[in-house]
Amino acid sequence: MSAPRRKVAALAASLSVCALAIAPATAAAGAIAPESPASSSADATQTMYWIGLVVSLVVIVGIAAALLRAVFKRGSDEDEPEHRTRGAASAQRRVGIGIGAVALVLFVVGIVFTERTSDVGASEADPISIEVTGQQWLWRYEYPEADDTSDGFSTDTPYSYYDLVIPVDTPITLNIGSTDVIHRWWVPALTRAVDAVPGARQSVTFTADEEGTYDGRSTEFSGPGYATMRTAVHVVSEDEYQAFLKERTADIKAARAAIQEKVDAGTAPGVALEEAGK
Amino acid sequence: MAPPIQSAARPEVVSEQIPRRQPAWISLVTSSDHKQVGRMYVATSFFFAAIALTQLVLMRLQLIVPENTFIRPDVFDRLFTPYGVTALLLFALPLAFGLFSVVVPLQIGARGMALPRVHHLSYWLYLFGGLVIYLAFLYRPGEAGTVSLPPLAGEHFLPGHGNDAWIVGVGITLIGFVLFSVNMIATLRGSRAPGMVWRRTPLFSWSAGVVSWTLLLVSPVMIAALTMLMIDRHYDGIFFDPNLGGSPVLYEHLSSIFLAGAYISVVIAAMGAISEILPTFSRQPQFGHGTVAASMAALAPLAVLAWMQNMVAAAIPVGFLYFAMLMALLAAVPAGLVLFNWLGTLSGGALRRGAPLTFALGAIFLTYTGLVGEMVQSIPPVGWQLGNTATAWGDTHAALIGAGVFGGFAALHYWFPKLCGRRMGDQLAGMSFWALFVGAIVMIVPMQMAGLEGMPVDVFKFYEDSGLDALNLIATIGSVIFAIGFLLTMINAAISYNKGVEVGPDPWHGSTLEWFTPSPPPVHNFDLVPDVRSTEPLNDIREAIRSRETRWTPPPARVAEPEATPVAAAGAAEAEDAEAPGSEDEGDGPVA
């Protein structure tokens, strides 16, 4: 009676262990791996994630194995329900201290890696400061003015929607805020998640060290269009970044000039409507 | 007409006239008997569970393929906004309350609740709170998300009265929770049987106390937040208006404190039930009764103090996050000790099978999987990686489905005889368990993976290029299997309530006082309440009966004749006790 049961138990336990041993293999295939990091800050975040994942998998597999063992292992003496055990205080203390020690180690490791996420890399350059503003349901990025296009008007600040372009290997400071409700700026390959709260701005500094395009999503519910509130960060070389800024500025100026021309000629849609209203 | 009854043996109720017979439903809704109120709590929690399940399956169906247009975005928001409170505040906690209501007075040997009318009122506040939340559908329903976070929940973004209905409904429900908690604390403090000091209080009743204290402390926090939100919406308040000096982060704090408390309350209630079921089914006392009790009491404050782990991205200093992380990780000590004692209880004994045990084991696995996930997410970098993604959704659902559904169903199967005198069907219970377990795993694990691929929570659609097709399809299939499993238990309970196998006072061979009285218990619960001398009063009584029978030596004068009889009887009694009392209507309650 008990031998086959024990075999089933052993089989089930070993199967589940095997299944979870495959986990690291599938992780390599990307099933449980987040997007690979492209900054030292995201590196630290993901290292901590892997530590946390391994610890929790070990704990969960341990719990499953212990439960299976307890269920399938028959009591040594089935005919003796009077056989009673009381939890010895010393055993309880040992288990409690053991778990507490693991928790404290994890706590210290957590602090170490949290501090590492604010590491901005070796570069001594002043960070480029970019204003990030969330609103229902888009992200607006305002770049510092490029030197040679400066004409003293802040309205000429280059800006873009949805897509953020930043130079590689340069510290970037994002000042993240919102004009309406709370959003969350989340590009896991680059840096930490930051809430965009109306009325105050939160800053985060990081250095992207690999060119490429990184997807981000808003992860704080913000209304009906929330699922569409995506963003992409394009990490490009310094030259491309400068070229992008020039192009943006030129485009914005050209667009503004075109509108002004229409307004002056009285053919702008708004003007036409106004006149029709009169 | 009737001759006076001549009996001096038992106390009797004397009435001037025979009370008028009432239809069953009138006596059910007007009675303030704790068992009747408990039955209504359980039934109503299932009603709201059906709503939550419908919402869950509809949301999953919308997410079955990328860029689905099955449900409009605003309708999707109206589905998921009440889903959170329905599942947590209208199903999981009230199911626990219902079982607490029925079982705790029986377990502690009380005649009823300390404040029966308050108990009754708490039920009606819960029911009408829930109905008011759904009254929102008469207006423009609330669309502000699970906790109704301002400014999105403010009048500027959601001017309709639907969100008001949501706020008022949740507030009324929580006032009901406060009354229930006060009443439960009063009952536990004042109505325990003689000899039942705190350290001998059964663990389910103990967990009722811990849950009640937790909810008594955190519910007013949420009521305050909701009141402030209401003032903001209608009376020009600026509590959460950032443009006039208010702070939306304040609401995040207040609602997180409450949610942390509600979350851990569901978990602790399940822990209490499991701590009764495992000893009964492994025929052993709890490995360390005191440790489990102390751990549950320690878990609640630690989990509540870790509320800021839900706010990893909020505008708060990182030191606060470290504090939350420390509290969450330290909570692993009591949670782990409880588990250690359960394993100790299980491993030494000769295990008996049964639906309550099966559900309890499923509950342990799922709850602890979720708890481990939550604890790891309290480490800030992990929280930044996973917070508010489908992974976090999966962890929360693992813990709350494990504790609320599996733990709740384990308790329901275990104490069903005390609700109606019958047992729930075993076959349906087995089918339901496997459907629920497989469904939960198939729904949760793909979601945990989807979060790593960048799927946020609460989205009404995902894009084709995001590589989430397969994971979402699997999760949707899982949610359907899960819903079927849930329905099976609801059907099982509905059928068994009137047609199940009738059982005696003690179908499981339990060791606490609720098994001392008939199933279902009479209105006054106990004819007499025994003195309690240990954590297992019923085993003490069995032991006393046995020793009286075996140790009794006949007086010398009568040695000749009846010597054989008592010994044989005692031998038979012992044999009966030793065999597995699996046959349900054996009813060998110690009603000597």
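The model is a predicted one, in which local features need pLDDT of at least 70, side-chain atom pairs count only at pLDDT 80 or more, and totals for chains, interfaces and linings use all residues. Residues are numbered from 1 along each chain as its sequence is written, chains are lettered from A and ligands numbered from 1 in the order in which they are written, and side-chain values use heavy atoms, with hydrogens and water left out.

| Chain | Residues joined by the cis bond | Omega |
|---|---|---|
| A | Gln136(A) and Trp137(A) | about -5° |
| B | Pro150(B) and Pro151(B) | about 5° |

Trp137(A) lies in the loop that runs between β1 (128-135) and β2 (138-142) of chain A, while Pro151(B) belongs to the loop between α4 (116-135) and α5 (162-190) of chain B. Helices (H or I, at least four residues) and strands (E, at least two) are DSSP runs, numbered from the N terminus.

Positive phi angles come next. Asn388(B), although not a glycine, has a positive phi of about 60°, and this residue sits in the loop between α12 (380-386) and α13 (390-420) of chain B. With a relative accessible area of 22%, Asn388(B) is partly exposed. His509(B), also a residue other than glycine, has a positive phi near 65°, and its place is in the loop between α15 (469-499) and α16 (537-551) of chain B. At 15% relative accessibility, His509(B) counts as buried. Buried means under 20% relative accessible area, exposed over 50%, and partly exposed in between, with a 1.4 Å probe and protein chains only.
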